[in-house]
Amino acid sequence: MIDSSMISKIQKAKEYASEPHRIQFKQFTVQFDGIHDGHTVTYNEGQWHCDCHYFEGHGICSHTMAMERVLGVMLPEREQETP
């Protein structure tokens, strides 16, 4: 049985989920399953890193750009500059 306070929490969770601009990631690590290989992508206080060879030479790659697109408005505004 769900009590009234839980119903209120569920309603608030739905409201928050419909307003993703309220959420801003500060740091995380993901395993990205690329077409040719898996890669670890990290984000820490506005800085991206990927363990793929392209990122090493360019500071950006398809994996980090894909993550920027997926996260959209949940990244701090200065990070939403995906080409």
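**View A. The largest nonpolar core.** Twelve residues make up the largest nonpolar core: Phe 28, Val 41, Tyr 43, Trp 48, Cys 50, Cys 52, Phe 55, Cys 61, Met 67, Leu 71, Met 74 and Leu 75. S2, S3 and H3 are the elements that give two or more residues to this core. A nonpolar core is a set of buried Ala, Val, Leu, Ile, Met, Phe, Trp, Tyr and Cys residues joined through side-chain atoms within 4.5 Å. Buried means under 20% relative accessible area, exposed over 50%, and partly exposed in between (1.4 Å probe, protein chains only). Helices (H or I, at least four residues) and strands (E, at least two) are DSSP runs, numbered from the N terminus.

The model is predicted: local features need pLDDT of at least 70, side-chain atom pairs count only at pLDDT 80 or more, and totals for chains, interfaces and linings use all residues. Residues are numbered from 1 along each chain as its sequence is written, and side-chain values use heavy atoms, with hydrogens and water left out.

**View B. The three-stranded sheet.** The sheet is open and has three strands in the order S1-S2-S3, with antiparallel pairing. S1 and strand S3 (47–50) stand at the edges; each has a single partner strand, so one side of each is left without a neighbour in the sheet. From one strand to the next, the twist averages 15°. H3 packs on the sheet and touches S1, S2 and S3. The direction of H3 makes about 130° with that of S3. Axes are lines fitted to C-alpha atoms, for helices over the stretch in contact, and angles run from 0 to 180 degrees between N-to-C directions.

**View C. The S1–S2 hairpin.** S1 and strand S2 (residues 38–44) form antiparallel pairs over seven bridges. Two strands pair if DSSP finds at least two bridges between them. Four residues lie between S1 and S2 in this hairpin. Phe 28 stands opposite Tyr 43 in S2. Thr 29 faces Thr 42 in S2. Asp 33 has Gly 38 in S2 as its bridge partner. S2 has two faces: His 39, Val 41 and Tyr 43 are on the covered one, while Gly 38, Thr 40, Thr 42 and Asn 44 are on the uncovered one.

**View D. The S2–S3 hairpin and its turn.** Four bridges pair S2 with S3 in the antiparallel sense. Val 41 has Cys 50 in S3 as its bridge partner. This hairpin has two residues between its strands. Glu 45 is placed in the loop between S2 and S3. Its phi is near 50°, a positive value in a residue other than glycine. Most residues other than glycine have a negative phi.

**View E. Val 41 and its contacts.** Val 41 belongs to the largest nonpolar core and to the covered face of S2. Residues up to four places away in sequence are not counted here; Val 41 touches Phe 28, Thr 29, Val 30, Phe 32, Trp 48, His 49, Cys 50, His 63, Thr 64 and Met 67. Contact means heavy atoms within 4.5 Å.

**View F. Thr 64 in helix H3.** Thr 64 lies in helix H3 (residues 62–71). At 1% relative accessibility, Thr 64 counts as buried. Its side chain reaches the backbone oxygen of Cys 61 at 3.1 Å. Neighbours within four places in sequence aside, Thr 64 is in contact with Val 41, Trp 48, His 49, Cys 50 and Phe 55.

**View G. Arg 22 and the salt bridge.** Arg 22 is placed in the loop between helix H1 (4–17) and strand S1 (27–33). A search of the whole structure finds one salt bridge. Glu 19 forms a salt bridge with Arg 22, and the closest N and O atoms are 2.5 Å apart. A salt bridge is a side-chain nitrogen of Lys or Arg within 4 Å of a carboxyl oxygen of Asp or Glu. Glu 19 counts as partly exposed, at 22% relative accessibility. Arg 22 also touches Glu 15 and Tyr 16, not counting residues up to four places away in sequence. The C-alpha atoms of Arg 22 and Glu 68 are separated by 16 Å, with the two residues 46 apart along the chain.

Notes:
A polar contact is a pair of N or O atoms within 3.5 Å; within protein, one must be able to donate a hydrogen and the other to accept it, and residues adjacent in sequence count only if both atoms are side-chain atoms.
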